[in-house]
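Good morning, and thank you for the time on today's agenda. Please look at the sequence and the structure on the screen while I go through them.

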Amino acid sequence: MSATASTASVTDSGSGSARAEDLPLRVAVVVGSVREGRQGRAVADWFLATAAGDADLDLDVIDLAEVELPLVLPGWGGAPSPETAAVLRDVSPRLAAADAFVVVTPEYNHSFPAALKNFIDWHHAEWQAKPVGFVSYGGLGGGLRAVEQLRLVFAELHAVTVRDSVSLHGPWSGLGPDGAPRDADVCAGAAKGMLGQLAWWSRALRTARAERPYAG
């Protein structure tokens, strides 16, 4: 497993090169919280460690605390500033190269962080016809209300959200000092279940996009 996005060309299977279905799945893991004192990166690190045993996954972490995108988007047909274009040159190709996404999000006021919505809105085609899984955390609800609202957002962007998600309840009491869930077996099982669904949809949609590009 690699922590950076990779690209691979697919050649004729008769040449002995890997076929598309045999290539690792490229998964962009988006850390959605930028708040001071956040638990988001610790939760993401736990998820990455849980997924590390799956050699079929090529994980690329996009931490929004390190992605400085302005709140003001250009008008229709307009271009971003040179500074914003430089940020997009780093992050947008990584989304475009991904076969799937995992969004790590807290729940703020029954919803998800503004920085996450802003990042989503700066992109469009990169999300299309790809699956999205969720790892959420926060209070008694475990961030589930944030996930349900994100499902609506990604549906508008022509993405497919997988049914099962990973929900970590009470991050201040349910997580240890290292950010790992105290109920490790249950949470790890939920992560494996979500990743199984994500992998199925990733392969199905990657094949579909290759055979018939998505028209939008």
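I begin with the packing of helix H4: its buried residues pack against E3, H3, strand E4 (131–137) and strand E5 (160–161). The residues in question are Ala-146, Val-147, Leu-150, Arg-151, Val-153 and Phe-154. Please keep in mind throughout that this is a predicted model.

H4 itself covers residues 144–156, which makes 13 residues. From its first C-alpha to its last, the helix reaches 19 Å, close to the 18 Å expected at 1.5 Å a residue. After H4 comes His-158, which has a positive phi, near 65°.

Of the partners of H4, I would like to consider H3 in more detail. The axes of the two helices, H3 and H4, come within 12 Å and cross at roughly 10°. Because an angle under 35 degrees counts as roughly parallel, H3 is described as roughly parallel to H4. On the H3 side, the contact is made by Leu-116, Lys-117 and Ile-120; on the H4 side, Leu-150, Val-153 and Phe-154 take part.

In general, an α-helix has 3.6 residues a turn, so residues three or four places apart point the same way.

I turn now to another salt bridge. Which residue forms a salt bridge with Arg-26, the closest N and O atoms being 3.5 Å apart? The residue is Asp-99. Asp-99 lies in the loop between helix H2 (82–97) and strand E3 (100–106), whereas Arg-26 lies in strand E1 (residues 25–31), so the pair ties together parts that are 73 residues apart in sequence. Asp-99 is buried, with a relative accessible area of 1%.

Asp-99 has a further partner in Arg-209, with the closest N and O atoms 3.6 Å apart. This pair, too, links distant parts of the chain: Arg-209 is in helix H5 (residues 184–211), 110 residues from Asp-99. Together with Arg-206, the residues Arg-26, Asp-99 and Arg-209 are linked in a network of salt bridges. The total count of salt bridges comes to 13.

Finally, let me place these details in the chain as a whole. Its secondary structure comes to five helices and six strands, and along the sequence the pattern reads β-α-β-α-β-α-β-α-β-β-α. The chain has 216 residues, of which 44% count as buried. Among contacts between residues at least 6 apart in sequence, 81% join residues at least 24 apart. The chain exposes about 11,000 Å², and carbon and sulfur atoms supply 56% of that area.

To close, I would draw your attention again to two places: the roughly parallel pair H3 and H4, and the salt-bridge network that includes Asp-99. Thank you.

Notes
Residues are numbered from 1 along each chain as its sequence is written. This is a predicted model: local features need pLDDT of at least 70, side-chain atom pairs count only at pLDDT 80 or more; totals for chains, interfaces and linings use all residues. Side-chain values use heavy atoms; hydrogens and water are left out. Helices (H or I, at least four residues) and strands (E, at least two) are DSSP runs, numbered from the N terminus. Buried means under 20% relative accessible area, exposed over 50%, partly exposed in between (1.4 Å probe, protein chains only). Contact means heavy atoms within 4.5 Å. Accessible areas come from the Shrake-Rupley method with a 1.4 Å probe; for residues, only the protein chains shown count as cover. A salt bridge is a side-chain nitrogen of Lys or Arg within 4 Å of a carboxyl oxygen of Asp or Glu. The expected span of a helix is 1.5 Å times one less than its number of residues. Axes are lines fitted to C-alpha atoms, for helices over the stretch in contact, and angles run from 0 to 180 degrees between N-to-C directions. Angles under 35 degrees count as roughly parallel, over 145 as roughly antiparallel, 65 to 115 as roughly perpendicular and the rest as oblique.
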